[in-house]
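My entries follow in the order I made them.

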Amino acid sequence: MGGEMLEEGEPAPDFELLSNSGERWCLSEQHGKVVALLFYPCDETLGCTRQLCSLMDHWNDYVATKAEVVGVSTGSPGEHNSFVQKHRLPIPVLADADSRVTEAYCSHW
């Protein structure tokens, strides 16, 4: 993954990260599925907590898309697991500890 911005219509760069449950999650293994990646900077900050918790308010809308919804943030799988459990989030959160995936996908960070 280079430092260039991803352009619309380009294939998404593959990556592998650990989920909050400690399982390996690889984008290329999701081939044929629609995947919605939700990037956020940090667990337990006001804005990010509201953003992720709003999923629950609109979960039926997300389910209707048939997309696999996955959070991506810095931090460890254990930190994310605490966050997911505390807020009863219905999605896995991937640990992007070195921000390499975030930097490949998000121009604003």
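**Cysteines and burial**

I started with C26, which counts as buried because its relative accessibility is 7%. Buried here means under 20% relative accessible area, exposed over 50%, and partly exposed in between, with a 1.4 Å probe and protein chains only. C106 is also buried, at a relative accessible area of 10%.

I noted the ground rules next. This is a predicted model, where local features need pLDDT of at least 70, side-chain atom pairs count only at pLDDT 80 or more, and totals for chains, interfaces and linings use all residues. Residues are numbered from 1 along each chain as its sequence is written, and side-chain values use heavy atoms, with hydrogens and water left out.

How many disulfides are there? I counted zero disulfides, taking a disulfide as a pair of cysteine sulfur atoms within 2.5 Å.

**Sheet**

I traced an open sheet of five strands in the order 2-1-5-4-3, with mixed pairing. Strands (E, at least two residues) and helices (H or I, at least four) are DSSP runs, numbered from the N terminus. Two strands pair if DSSP finds at least two bridges between them.

Which strands stand at the edges? They are strand 2 (24-26) and strand 3 (35-39); each has a single partner strand, so one side of each lacks a neighbour in the sheet. Neighbouring strands are turned by 40° against each other on average, direction ignored. Strand 3 pairs with strand 4 in the parallel sense over five bridges. In strand 4, V69 stands opposite A36.

I then checked helix 3 (residues 77-87), which packs on the sheet and touches strand 1 (16-19), strand 4 and strand 5 (93-95). Contact means heavy atoms within 4.5 Å. The direction of helix 3 makes about 160° with that of strand 5. Axes are lines fitted to C-alpha atoms, for helices over the stretch in contact, and angles run from 0 to 180 degrees between N-to-C directions.

H87 lies in helix 3. I logged H87 as buried because its relative accessibility is 16%. Leaving out residues up to four places away in sequence, H87 touches E44, T49, C53 and M56.

**Cores**

A nonpolar core is a set of buried Ala, Val, Leu, Ile, Met, Phe, Trp, Tyr and Cys residues joined through side-chain atoms within 4.5 Å. The largest one has twelve residues, including F15, W25, F39, Y105 and C106. Strand 4 (68-73) and helix 4 (100-105) each supply at least two of its residues. Helix 4 gives the largest share, three residues. Another core lies apart from it, with ten residues, among them L38, L55, V69 and V93.
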